[in-house]
Each structure stands twice: as C-alpha cells, then as structure tokens.
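Here's a quick briefing to read with the model open beside you.

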Amino acid sequence: MNDPLDAVVEEVESEREPRRRFELADDTGFDEVPKKYRKFYRKWRGAGDSLAPNEVVCPVCKVVIRSTRELRPGDRVYCMPCMSRLVVVRADEGTLEATVAY
C-alpha cells in the first residue's frame with residue numbers, strides 16, 4: 001500500500017539533489033519582450049506541446065516561462081509579457097504549474 005508519508009519523504013530527498021542546468025536557445029521566435037530576454041520565453045504550441053523540467057506555463061497569458069535551472073515547487077518566476085509574479089506548485093497529476101503569487 002502506498003503511504004503518503006513516503007511520497008513526502010521522497011520529494012524532500014529529491015530537493016536535496018543539485019538542480020539540473022539547461023542550455024537555452026538564443027532565439028525562440030518570441031518577440032513580445034526585449035531581445036535580451038527572448039530566450040526565457042516561448043509560445044505555447046497547444047495540446048501536443050509538452051513542458052521540460054525547466055518550464056512552466058503562465059496562467060494569465062499562456063506563455064511558457066523557461067529557466068536555466070530545473071524548477072521545483074516553491075520557486076518564484078516572473079512573466080514579463082503580462083508582468084505577473086508567479087509561484088511554481090505541483091499539480092494533481094504530478095506536473096509543475098505556476099499560480100499567481102499574492
């Protein structure tokens with residue numbers, strides 16, 4: 001039987017591991033922010049699109065926010081196109097998503 005405490009312990013242990021680093025492409029074709037920041041954003045491509053461990057979707061404007069490091073629950077991200085401050089949380093399916101920070 002699955003013990004909920006085991007899932008919490010496993011998640012805490014995984015947080016102790018160093019975060020993976022990612023190399024971001026220089027230009028993703030996203031032209032709604034200054035050129036200097038374009039590599040940190042990309043457009044959501046619809047139902048067939050999937051997110052990497054360093055990406056979350058902004059719930060306000062549906063833009064994918066990218067990071068050079070692996071994202072984990074509790075991390076804060078900023079969406080420059082809509083100027084929203086967001087917090088990364090774990091969804092029911094086990095995936096990461098962003099919610100508006102208050």
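A quick word on naming: helices (H or I, at least four residues) and strands (E, at least two) are DSSP runs, numbered from the N terminus. On that scheme, Asn-54 sits in the loop between strand 1 and strand 2. Keep in mind that this is a predicted model.

- Strand 4 covers residues 76–79 and strand 5 covers residues 84–90; the two pair in the antiparallel sense over four bridges.
- If you want a landmark for that pairing, look for Cys-79, which stands opposite Ser-84 in strand 5.
- The hairpin of strand 4 and strand 5 has four residues between the strands, and Met-83 takes a positive phi near 60° there.
- Strand 5 also runs antiparallel to strand 6 (residues 96–100), and five bridges join these two.
- Here the landmark is Leu-86, which stands opposite Val-100 in strand 6.
- In the hairpin of strand 5 and strand 6, there are five residues between the strands, and Gly-94 has a positive phi near 95°.

**Salt bridges**

- How many salt bridges does a search of the whole structure find? It turns up seven.
- One of the pairs is Asp-75 with Arg-19, whose side chains meet at 2.6 Å, N to O.
- That pair links distant parts of the chain, 56 residues apart: Asp-75 is in the loop between strand 3 (63–66) and strand 4, while Arg-19 is in the loop between helix 1 (4–16) and strand 1 (41–43).
- Asp-75 counts as buried because its relative accessibility is 15%, under the 20% cut-off.
- Arg-19 has 27% relative accessibility, so it counts as partly exposed.
- Arg-45 and Asp-49 form a salt bridge through their side chains as well, at 3.6 Å, N to O.
- Buried or exposed: which is Arg-45, and which is Asp-49? Arg-45 is exposed, with a relative accessible area of 63%, whereas Asp-49 is buried, with 12%.
- Glu-55 and Arg-66 bring their side chains together in a salt bridge at 3.4 Å, N to O.
- This pair also links distant parts of the chain, with Glu-55 in strand 2 (residues 55–57) and Arg-66 in strand 3, eleven residues apart.
- Both Glu-55 and Arg-66 are buried.
- Some of these residues belong to a network of salt bridges, which links Arg-42, Arg-45, Asp-49, Glu-55 and Arg-66.

**A nonpolar patch**

- Val-60, Val-100 and Tyr-102 make a nonpolar surface patch of about 390 Å².
- Val-100 is the residue in strand 6 that stands opposite Leu-86.
- With a relative accessible area of 35%, Val-100 is partly exposed; patch residues need over 30%, so Val-100 clears that cut-off.

**Around Asn-54**

- Leaving aside neighbours within four places in sequence, the residues in contact with Asn-54 include Phe-22, Leu-24, Ile-65, Arg-66 and Ser-67.
- Also in contact with Asn-54 are Arg-69, Glu-70 and Leu-71.

Conventions:
Residues are numbered from 1 along each chain as its sequence is written. This is a predicted model: local features need pLDDT of at least 70, side-chain atom pairs count only at pLDDT 80 or more; totals for chains, interfaces and linings use all residues. Side-chain values use heavy atoms; hydrogens and water are left out. Two strands pair if DSSP finds at least two bridges between them. A salt bridge is a side-chain nitrogen of Lys or Arg within 4 Å of a carboxyl oxygen of Asp or Glu. Buried means under 20% relative accessible area, exposed over 50%, partly exposed in between (1.4 Å probe, protein chains only). Patches are made of residues with over 30% relative accessible area and no salt bridge: like charges are joined within 9 Å, nonpolar side chains (Val, Leu, Ile, Met, Phe, Trp, Tyr) within 5 Å. Accessible areas come from the Shrake-Rupley method with a 1.4 Å probe; for residues, only the protein chains shown count as cover. Contact means heavy atoms within 4.5 Å.
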